[in-house]
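Work through the following exercises with the sequence and the model side by side. Try each task on your own before you read its solution.

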Amino acid sequence: MTISTLLSGFRQHIGMRALHTFILLFSMLVLNNEVKAQSNTYSFNFNKTPLETAIAEVTKKTGYEFIFDANYLKEAKPLTLAITAATASQVFDAIFKGQNFTYEVSKKTIIVKPIVKTITSGPQYNISGQVIDSLGIAIPGALVRVKGSSGGVQTNADGRFTISVEPKNNTLLFNYIGYNEKELDLSNISNNSKVSIVLSPNTNLLDEVFVNGFQTITKERVTAAYTTVNNEKLNQHINTDLLSALEGKVAGLQLVKNVNGAAADQPVLRGIGTFSASVGTSPLIVIDGLPTEYTLDVVNPYDIESVTVLKDAAAASIYGSRSANGVIVLVTKQGKLNNTKITFNADLFITQKPDVSKMHYASTGDLIDFETAVYNAERARYTTTENMFAPYGDINNGTIKYYSPLYQLYRSQANGSLSNDQVNNTLSQWRNNDYIKQYTDNVWQNEIRKRYNLSLSSASTKSNTYFSLNYDEGQGRIINNKNQSFNINYKSTYNFKKWLTATFGINGTYTKDEKTDGEYDDFDLQERYAQILDANGNRVITDYVNISDGFTSGGAINAAALAKVKSNAEFKSFGFNILNSLDEGITTQKYTRLRTYANLQAKITEGLSFNTQFQYENSSSNRESYYDAASYKMRYAYNMMTSYNTATSKYVHNLPDGGRLAQLDQSSNNYTFRNQLSFNRGFGKDKEEHYFSAIAGMELRQTMIPLTVESQRYGYDPVTLTSVNLDNNTLNTASIASYFGGTKTLGLVSRTQTETKHRFASVFANAGYTYQGKYNITGSVRIDQADMFGGDPKYKNRPLWSAGAGWNASSEDFLKESKWLNLLKVRATYGINGNIDQTSSPYLVARRRNDNLYPTLIYSDIVTLPNPKLRWEQTATTNFGIDYAVFASRLSGSIDLYNKNSTDLLVTTDLDPTVGALSRVLNNGALQNRGAEITINGNWFKNDDWNFNTTLVYAFNKNTVETVNNAAATAYSYISSPSNYFFANTAFNSVYAYKYGGMVNGYPYFLDQNGESNVVFDANGNPTTIKDISSPDALVNMGQLNPKYNGSVSQRIAYKGFELGGLFIFSGGNKLRRDVTDLGSNDVTDEDITRRWNSAGTSDLPRLWVDYPQSLVNSASVLSNLWQYSDRQILDASYVKLRNVSLSYSLSKKTTRKLNLSAVKLSAQVNNLWYWSAAGDDIDPETYSANSGTRAYSLPKSFILGLNVNF
Amino acid sequence: MKTYIKYLVLLPAFLSWSCKKYTDVVPKGSLLVETTKDFYELVSYPNRGYPINNFQYLVDDMWIRESSVVGARKTVDVVNFTFDETENRVNLLGSSSFYNQAYKYINRWNTVISLVDASKGDESQKTLAKAEAKALRAFDHFLLVNVYAKAYDPATAATDGGICIMDKYDLEATPTKSTVKQVYDFIQKDIDEAIPYMEVQPADPYHPTLAFAWALKAKVHLFKREYAQAREAALKSLTYNDKIFDLVAYTKQGGPNVVPIVAANNPEVLSYMYMTGYNEMNFGYSYIISPELKTLFGTNDARYNLFFNSTSASFLDIGSGTAYFNIGYLKFFYPTVGLKTTETYLILAEAYARENKLGDAIATLNKIRVNRITSGTVNLTVPATTKEAMNMVIEERRKELLFGFNRFFDLKRFNLEADYAKTTVRKFPIVNKTVPQQTYTLKPDSRLYIIPFAQDVLKKNPGLTLNTDETILFR
């Protein structure tokens, strides 16, 4: 074992406050070789300089490292000497001259050791040997002393020592920081023996502290189940946000992706424990001790020092009625004592366009062929072509419905306005077009994001300040989508008096997003054979498309209607080109978030302190979108709102010419005020025998969503900033008769506003007692009250509480000596957490509303019928856990088993409509989550240059619905809404399916509850009757949608300055439905259309709608539904993903010193490089709607470059 | 550290402990219903919808677009329009929005009736709140019993299956079905208990008036064939409100497109209830009237000429001889489900006719007609027989009381009397020639006239039986 590995091991632990450092290390890594160092000369000038300072200076200049016992410094005399042009050894001689200890040089390490006193009495004998760890690696600098005497020696760089011992004092003690003390009885050992001493690491002392937001406790006193992700682990990769930094690092924490990438991942801890959508699954987020309304994705990951995930009741129930989903505690960075640190990060993210080929779309030619078949089938149902087109409507004739350009082409062919040759020419031209390709080439771009982060921190005994600036800018997948974000974080702590500390912090974020109209995000906008650019690269304006404006009630138009208005100057063009439209109607949204907090801490007496904290958060967003008069949607709305007065033969434009400006200002704010008394003190022997820690306090919290400010202006002119007053009564409340048929209205801002204010008042306390550092008991209690909640006093003050016990087994004498077991801690907890859904109330609550007929009249609309028994949702968690470290902590980790029983869950219970309500929300549901979580961390191999580390995180969860209150009428309800309808004793979100019977003649058939086919065939295999299956008894339970297990494997290999890391994540045990083609619609684009049923019987796929005979078309949707949700379509949803792989290089100290920097690290990383999915067929289960069987683009690869500089 | 500093630091803690009222927040825009005044205000409930889709096409006055039937899936609409007695309607009725809405309103009235006594407030306001709520509760039960049960037949009402009576606020109740007579008795009791305490001019237009209560009483008596009492109640109602809006003068002024008549300006309205909602007439094209009714109007009836469109190809099958109400509610407020003064006149006219006071009957009809018929025969002449007079009353009812429940209820009750029973015959389709035209017949005693309870009710209330002979497959 070499010094540098030893030191890097030390650096990991040196920041731990639990550690009462008795050895100080001053080290600066140097790679100068020894010969060169020997030839160098140095000059020093000390004047009453403490030895500590002198050593630091010598270390800095010479590159030598010192190892010594901090106790020596107490005895050290200050230095006053001048050294000029001396060699290193001359310098050392001069420094240690006159001190009562000496030194020994070993390579580049100076081991300071006491002057061995000559032992005068009795015969002595010498013992020599080596101190090693359990893997045989030498431990240099270990203290070897004779029990009962003060003298001793330290091991050299090879861990070797020689000591003289008197026979009467024949026990040697071996000590080294971070390792358990070892005794060696020399009674049976002869003179000049060589011994080998194995020290086992004391993982207890080395481990982290537990931060629950209310207090900080050393791990040995904790009974709770929690996982801490420290700064080093958070920054193993370059993270897009804090959520991704946590992925795969916490057993039991699952990040559920939004399949369309439209929102941030949703964290779920230990399974779903509520039915209520307004409670949701998200754990409570706490920043620096106080609950926040921030979500993890908006926190700057570079500001976070550590993340602690509180999993069981003992950890989380101190958060009371909002903690049943678990709690995630964030601790922000602060300065380190006597250290000024400046860190700069620059990251570049490039995310590729998604791979559209994995969507398995049919080709343009196939789609044209298919649509032609559909046209022919539809045409065959009518006597004439014009009859067929009649239901599509026209101006003054029925309701206008859109039909495609291909239909129009055939219509023109039929009515003779186009010749067969013209049609065929057009078709062959269209076959060469590919709208999706043009869209992905011209509308999509690689997403690029640049992030810069600068942080400064400084700390002294008087104050501690951390300040950071973060700038983030990016461009989205669709052109013209941009975002910018600027984040400032400032936190400062002042120690005014020895007993009084104050902290003040402020965190501000400003974000500006520019988004194009969301309706244009999809390449389904136009037919596949349409064009965006022509052969010359010019934009193609399509005459009309199937997109309505969305501002009015006007529907889409068709070619027949367009033909009648095309040359009419009263109407504007309906022409559309996606690239033009993406320049229009850009929505700019600006967010500002502010979090500011203050914390005052006063020590009252020894062990007792008082703490008052206040936090205020405000977030506001301002959205503005402007469509100018020439934009597609404004032209469309203008046309739709045009009417024709037959009496005067005049057109009336009910919507003024001009643009549309829509604005929306929203905000929310909250504050928390907490007062708390804390007590921490040990009693008895060494003040360690009995240790008490306790807190008690109260908390007030208010959350508020004020009124929103919303406006829409028409006829808006961005130059004059004026708009036109509208006759809202006519345009919105009544309606206008549109030239395009029917009555049309203009959508307006709602007249109703809402304001939401909630208040919570809580008292809480917890206490822990530790005996001899081995036995722990803990308990906590909290009572919450909230507005409009818990009317019945029986429930109003019902406490949420927890109790726990822990045993630090490895601190027991009989295990202390164990060679392989370094840490064993056993803990068990039980407790109750709550959840709150404030959409319910114990009172009869009405909402005040304005009448429409008599606008000044106000009436009361009943919102909630009284529910006097309303109470918190409760989750009782039993947790049993083991923390372990074995083989010199080469292998460490934890195992947790839990049983979460959620009861009193708010469920919607169906009522007999006769009683006057269809359903009511009652505390009536129960869910159970049982599971196991395993974390294994292996430091397999570690030497000077190499370091191999593997971490495995595994979580298993079994979820069961225990009570059921609303039985659905139909089988389809269980299939389509598994989170609302369930059977008792099944998993929440179960996948139900119809029983597939088989297929005859392209008609699939299914088995009903009696096992009978729902389709009756005649002798020729043609269906005579097709029935739907609606009895829930006919369903088969195929498994569940939520994964049963998930986890990660993280592998890291470091060689010198290089580090290669990879994070695999996996998830499985759940099911998904195949994305089958709809049999009941002609609007299908999957490549399956080319392989569909044919009369030759060569396909194993069923008929599509177009293949159904006229007499059965209405049954196609019945069979389609059964087919889509049959047991035949269920696939395994398990997957493994290489979430990221990164390579980083840290510049050598030599180089950084030349650059005047303290550290430089360059990283390159690829996210989502590879995945395997059990379902196959290019399905990416993370971006797949499992229950509906809908495919979305699989996660594209991202390439990331990062630079990290420490000054 | 000095002791007083310690206490200073602890001060905020003590201050906050004293904030007992901290969590007593009443959200803005919301109201905790606690006082008598709050309960009284609950009686005022605008925009009540009573959807008619369970039977809309069962009546001879209504028509449907041909594309909704030809080649379409068999829905309740198709079954009703084609008078299809073979279909088990329970299978098509997962839930009935009319049923659920009506009982939801009853629950609101019961909230007032059951809980107002315990509230703090003026005793007379409590009595008033209960009286008004009872009047409205009677109205809702009246609609329900006439939809889901046989019309009142004095001979069999005591044994005919009715509906569940909900007489108090109780979400845990297991309702049981009463007979038609029991329901009518309950309705009458509510009205009779309400009338002595109700007001002529209550706090706002949505509180029921005495005119409404008496008109409702008249209607209930009429349906029970208690003509003398119906006459007395109708006359009593007319003493509070006898206004008829003059459509003839209105035609001269230019009609709704020139002079809009919003709700507050239509003096005929006795109560505000709708098929869907206050703006339903904006979408009048969903209520197409049959060629038969259109013909009945003739050419000089302002009730048709002012409001109907028969030419829009967007909403009508041109050539079918149908029409739709084409005037939005802001141009002319037309009540569909609620009572109006002209209905009171029609009740009075019928009562006179039944009592063989034919002159009075026709004179009453003519009071309406002078305000409706723009030319030609305005005043009807007194016929010789009750039956003839009654046919004139029925015809006038069809033209005056459009949409809503009126024609459906009338057909049900008249079908029980041999003199007035009607077999409805429909030839369909008229325009579409691709499918053969068929003749559909609805006999007066068809089971279709009684709407079966929907599945959601039958499932939650296993004791509830149907009033028709259809089967409940899941039982």
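A residue is called buried when its relative accessible area is under 20%, exposed when it is over 50%, and partly exposed in between, as found with a 1.4 Å probe on protein chains only. Helices (H or I, at least four residues) and strands (E, at least two) are DSSP runs, numbered from the N terminus. This is a predicted model, in which local features need pLDDT of at least 70 and side-chain atom pairs count only at pLDDT 80 or more, while totals for chains, interfaces and linings use all residues. Residues are numbered from 1 along each chain as its sequence is written, chains are lettered from A and ligands numbered from 1 in the order in which they are written, and side-chain values use heavy atoms, with hydrogens and water left out.

**Exercise 1. Find where confidence is lowest and where it is highest in chain B.**

Step 1. The predictor's confidence in each residue is its pLDDT, which runs from 0 to 100. Chain B has a mean pLDDT of 90, and 95% of its residues reach 70 or more.

Step 2. The lowest confidence in chain B falls in helix α1 (residues 3–17), with a mean of 50, and the highest in helix α7 (residues 210–223), at 97. Over residues 14–19 of chain B the pLDDT is below 50, and this stretch has 7 contacts in the model beyond near neighbours in sequence.

Step 3. For the model as a whole, the scores are ipTM 0.89 and pTM 0.79.

**Exercise 2. Describe how strand β7 of chain A is joined to β10 and to β13 of chain A.**

Step 1. Two strands pair if DSSP finds at least two bridges between them. Strand β7(A) is joined by 6 bridges to β10(A) (residues 160–165), and these two run antiparallel; here A:Asn126 stands opposite A:Ser164.

Step 2. Another 7 bridges join β7(A) to β13(A) (residues 193–199), and this pair runs parallel, with A:Gly129 opposite A:Val195.

Step 3. Because 8 of the 9 residues of β7(A) (residues 125–133) are buried, the strand is largely enclosed by the rest of the structure.

**Exercise 3. Is A:Thr385 buried or exposed, and which residues does it touch?**

Step 1. A:Thr385 is found in helix α11 (residues 385–389) of chain A. Its relative accessibility is 12%, so A:Thr385 counts as buried.

Step 2. Leaving out residues up to four places away in sequence, A:Thr385 touches A:Tyr375, A:Arg379, A:Arg411 and A:Ala414.

Step 3. The side chains of A:Thr385 and A:Arg379 are joined by a polar contact of 2.9 Å. A polar contact is a pair of N or O atoms within 3.5 Å; within protein, one must be able to donate a hydrogen and the other to accept it, and residues adjacent in sequence count only if both atoms are side-chain atoms.

Note on methods: Contact = heavy atoms within 4.5 Å.
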